[in-house]
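Here is a friendly walk through the model on your screen. Take a moment to look it over, and then follow along section by section.

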Amino acid sequence: MLLTRTLFSHYRRHPVQGLFLLTGIVIANVLLVGTLLINAQARASYSTGEQVLRAQPVATIVSREGARSIPERKYIVLRRQGFASLAPLLRRFVRTDQGESIELLGIDVLAMPRPEQEPLGNFSSAGNPGGADPDSDAARPGFAELILPPYALWASPARLDQLGWPQGSMPVLENGTKLPPVVPLADEGLGHRLLLDIGVLQMLTSSADEISEILVFEDSDVALEALRAQLPDELKWVDPSADLDPAELTRSFHLNLAAMGLLAFVVGVFLIYNALAFSYTDRHELLRKLRVAGVTRGELARVLVLELVVFVIVGSLLGFALGSWLAVTLLPGVGQTLAQLYGVYIAYPDSLLSGGLGLPMIMTAIAAGLCVLFPMREALNMPVLERQSSGWQRMTAANRDKRLFQSGAALLVLAVVLAVTSNTLWMALGCMASLLLGAALCLPALLRVLLGAASRLVPSTWARTSWLLADSRYLLGPAALALMAITLALVSNGGLNTMIGSFRQATDSWLQQRLVAEIYLTSELSETRVRDWLEQQAPAVSIAARYTTRKTVQNPAGVNTMVEITGLPDRAQFKDSVELMRKVDAAKAAFGSGLGVFVSERAWRLDEWQPGQEVQLCAGAGALPVLGVYRDYGNPQSQWMISEKLFKSCWPEIRPSGFGLIGPPEVDWDGLRARLASEFELEDNEVINQQELMAVGLSVFDRTFSVTLALNALTLLVSSIGIFCAVSAIHHHRLPQQALLTALGLTQRERATLLLLQWGLLGLFCIVLVWPFGSLLAWVLAAVVTPVAFGWSFALQPEWSYLPMLALLAVGSLLLAVLLPSLQLLRASPGQLLRERAV
Amino acid sequence: MKAAVVVALLLFCGLTIAACSQESESQATGDVALLAQGMEGFSQAVPGYEFSFPQDHAPHPDFRIEWWYLTANLQDAGGEHYGAQWTLFRIAMQPASEQSMTNGPETISQPGNPWLSKQVFMAHAAITWPQGHAGFQRYARGGDHDGVAQAGAQAEPFAAWLDDWSLHSAGDEWLPLQAKFREGDTGFQLRLDSDQALVLQGESGFSQKHSSGSGSYYYSQPFLLAEGNLTINGQEVPVSGQAWLDREWSSQFLQPGQGGWDWFALHLDSGEKIMLFRLRKKQDSASNGDFQHGVLISPAGVTTRLDSRQIEFEVLEYMRLHDRRLPARWRIKLPEIGREMLITPLLEDQWMDVDFAYWEGAIEVSGSNAETSGRGYLEMTGYPPESD
């Protein structure tokens, strides 16, 4: 007990050291816990399936004509026939005046099934926003507010925060339309979607008489069977199982999130090691005295382990609390990405997430155990009778760096092997992890080499510079781990930035190539009507229809998968817009004659349809060869492309889901657009020109990566905090050096300059190493991870612009960390400093 | 003439702006003042209305509340007794004059969208059989979707419906009627006919509900003979018996101080019909006692009205159902016409466990002779749940 108190008292004297250790453990946990919880929450949402007001449809009924709406009369007729477990749903995507793309769901609240014990009467009325008491059924707002003026727009509080819409406000759409007043609705699993009355939504979006789908809720088998049997020809029954499994669809995304969490964990582990190493080095003297006093190594080890356990538990709990908060904060962003990229929806919880404390804590305990191994062995095996010499310490540091370099080099070799062979996401992520860790582990030795080279270049007469370089090498001993941690964070940040920049550029040029029509119509117009009108009004302009459908097929890997099938208009502009990355001979000619299909890059990479293989398109067409592979950025589903003629012969009942208008550039396209809108009574979002569509595409892209970037920035931020802690600790240790310099007659100003130069140099050298490793990481992300994760590949564009930013951040946080303890140092008198050295 | 309280509760809970707690029933009947406030813009029922048929079978959208209410006392071939209920409520959520918005988005003010109809319909249906009871509810809005409405009512040919639950003329004439509902493996299909005329309740069809003079328009067809099938847990049971149709509309049923009511519709073995109701004053109300009314209808359709003083209700025994204390057996004395009857439910638990819950069920009427024996239906509303 006395022993425990003696050892623990160290942290009483140096509370900052305890704080730094705790910070390391917390940093290791926060993002790990955050991403684990986000993924768990998403998985929970996937397993419950898509719900509307907590009601779970067992199937949906959609139009057989493809992505078209159903006349609501058909729904009413089904109700009148006695099929009462149905509810209408209208989905509309609109843009706000802030340029935000939002999804509105129009429902008939009177038709929605309600959970048992939750009568409509308990839909108590307005004025109970956000569910003051979420446990109470009465927290549901009144159905009347949804169907009576001024109507209401229900949304989860998290989504409202994200949109920045205060309760009661009436958001304005791009076209000036005002939405009903906003009402926060907690615990209804609304997630990313916004709910309002179907009639109101029809009015707001000029979709009178339209519903997007009919939700089918639980009923007796007999009733559901009868419904299927009596469904009119124009309607199609869709089992939820026929749809893509959202968990499968988003697997890559969640793995990437988890990888981010792990990265932060590794950064935290470096900091834990750093803090532990200091705390032990500091207590060498104390430990030696205890050993002299007769305490056995075993006793010391037990107490030191106990101490670590306390830190791990407290740190993990703190990290868990922060991580849980982080998860709740980030979830809407994740939900936005999932909604825009995959069209799947997750619920946003209105309270802190719980559960899953075990895994991060066990991981932290193991990591801390490994971290403590080396410093503890060193501390316990220290010669009892002599004080350690600084030369001995430097020797061990140099040896350690050599060993680290060897491990790092081995990891880098492994990364190269994985980069060449990887065909699964796990291997790709393994490649990335090996590269990151390898880079970090090589850092100290490389820095040593750089400093050595620099000192050889400096003339021997430059005493101070020589000292600076020599001392910096010495400094590498304690500072290496902290520098490795920040390098890790910087490399991943630089790599991700380069990757995303390149990807964006690739998407941009791909969009420019593929968007050949000047104006796109998404309304359900009659093709003939538009064509006739164009012949009169703008004879130079022609119309091309867009046809799509979906089909479940078995891929060559033997897995049932959903593919999107799209028809390519039979026109030179469209045919030229498709660039093939792989193809068979005379692919385009065969495609034009309907003798084969093109498959998207994803279908080729992930579903393994190779050019030359045959696919079953439809009963009428027989087996058709795969003629080529094209890029399809941003599409999370595999796609087949066929000629329009072939599409029509396979699915004559499917009507176009949209149109493109093409023609020479001399046409007054803006004027034509205006006339089209007024002639066919089109809403702003139903007639879009090329530039707008590009802008929408790229804004979706940007939002998709916003969470990734946010997490990345967070990693950098927590690393900076860790670096700050670590460097402060190191610097505090080096006060005696400063004393020596003072005694040698250096002025305060000179010492300060030397200090800043020294750390600035280390920071700069780090950045020099970060750039090549960052670019390498970007390449791994672009050429290894993304292709197996999403089925997209793109060329890497070297990116320089972020480097100065990173350099500034790295050097800045290093200098700040040095500056604070230095202030105290600079003020101290040489005598004081020398006394401290003597202790 | 029934279930007004139920509708009042709906109005209170769902349709007024004030918050409504989970003990909705008790509170609703406990503060009916809110109902009175919302009457502006609606037509009021006043004495002297000239009924005209078939038009008055159709909805009266200017009035706030309206219903088509059918109950039937039925027997199978083996002599077992059954009950059946079919009700369609119409509730105007807002007066027609307020149907264009004033404070919402301007763009929603265009009229004509069927979903934005302010006429909301609620349907209840129930069956009682010797071993059990099952009750159901549905809701829909009344707009016309390109020639089809999910819920509504019309005069010629007569029809009232919500989804496939319907009450409608079998041919061009008002009678015979067909009534049907189905929910899962429970439902019924009844054919209803009579050669007798409609009966106007109250004073030429104006039924007073409060001493202050407020009331409703109310007519009945108590002489319906019913024949058809009940489906109970998937089993078809052919039945026949007597049925009673009530039609009532008003904008104000309850006055402050009225807490709920008990309603009787009796088919006597003598061929006579009796309708009785008691609007109970709230316990803390200062108003002067319960408001009671009744009518004796001779086999020929001649009515004799009974006022409060001529009706004596006595609860002989209570039952405990769904945390509530409800009358189980009654003695009713009508000294003016020399009747004394005992009322016993066909089954105690005929509780309608719907959003706005109430007791509605088949009853047995017993007395010393054919003028005091028979079958009927009883509705009891406004009995608050007791927390202990």
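## Ground rules

A residue is called buried if 20 or more other C-beta atoms lie within 10 Å of its own, exposed if 12 or fewer do, and partly exposed in between, with C-beta atoms placed from the backbone. This is a predicted model, in which local features need pLDDT of at least 70 and side-chain atom pairs count only at pLDDT 80 or more, while totals for chains, interfaces and linings use all residues. Residues are numbered from 1 along each chain as its sequence is written, and chains are lettered from A and ligands numbered from 1 in the order in which they are written.

## The two chains

Chain A has 27 helices and 20 strands; helices (H or I, at least four residues) and strands (E, at least two) are DSSP runs, numbered from the N terminus. Of its 839 residues, 46% count as buried. Two residues are in contact if their C-beta atoms, placed from the backbone, lie within 7 Å. Among the contacts in chain A between residues at least 6 apart in sequence, 82% join residues at least 24 apart.

Chain B has three helices and 25 strands. Its 388 residues include 52% that are buried. For contacts in chain B with a separation of 6 or more, residues 24 or more positions apart account for 58%.

## Nonpolar cores

A nonpolar core is a set of buried Ala, Val, Leu, Ile, Met, Phe, Trp, Tyr and Cys residues joined through C-beta atoms within 7 Å. The largest one holds 148 residues, and the members that touch the most others are A:L86, A:L153, A:W154, A:L196, B:A84, B:L88 and B:F121. Setting aside neighbours within four places in sequence, A:L86 is in contact with A:Y75, A:L78, A:R79, A:I214, A:L215 and A:V216. A second, separate core has 146 residues, including A:V30, A:Y273, A:L331 and A:A482.

## A helix pair in chain A

Two packed helices are described by the angle between their axes and the distance between the axes. The axes are lines fitted to C-alpha atoms, for helices over the stretch in contact, and angles run from 0 to 180 degrees between N-to-C directions. Helix α11 (residues 297-342) and helix α12 (residues 358-381) of chain A pack at about 145 degrees, with their axes 10 Å apart. On the α11(A) side, the contact includes A:R297, A:L300 and A:L304, and on the α12(A) side it includes A:P360, A:M361 and A:T364.

By class, this contact of α11(A) with α12(A) has 13 nonpolar, three polar and one charged residues. Here Ala, Val, Leu, Ile, Met, Phe, Trp, Tyr, Cys and Pro count as nonpolar, Asp, Glu, Lys and Arg as charged, and the others, Gly among them, as polar.

## Strand pairing in chain A

Two strands pair if DSSP finds at least two bridges between them. Strand β19 (residues 658-662) of chain A runs antiparallel to strand β11 (residues 519-521) of chain A, joined by three bridges; there, A:L521 stands opposite A:F659. Strand β12 (residues 542-554) of chain A also pairs with β19(A) in the antiparallel sense, over five bridges, and A:R546 has A:G658 as its bridge partner in β19(A).

A:Q554 lies in strand β12 of chain A. Is A:Q554 buried or exposed? A:Q554 counts as exposed because it has 12 C-beta neighbours inside 10 Å. Leaving aside neighbours within four places in sequence, A:Q554 is in contact with A:V559 and A:N560.

## Loops worth a look

In chain A, the loop between α4 (143-147) and β5 (153-155) holds A:P150, and the peptide bond from A:P149 to A:P150 is cis, with omega near 5 degrees. A:L148 is found in the loop between α4 and β5 of chain A and counts as buried, with 24 C-beta neighbours inside 10 Å. Beyond its neighbours within four places in sequence, A:L148 is in contact with B:M93 and B:Q94.

In chain B, a cis peptide bond joins B:F53 and B:P54, with omega about 10 degrees. B:D163 is not a glycine, yet has a positive phi of about 50 degrees; B:D163 is buried, with 25 other C-beta atoms within 10 Å. B:N233, also not a glycine, has a positive phi of about 50 degrees, but B:N233 counts as exposed, with 11 C-beta neighbours inside 10 Å.
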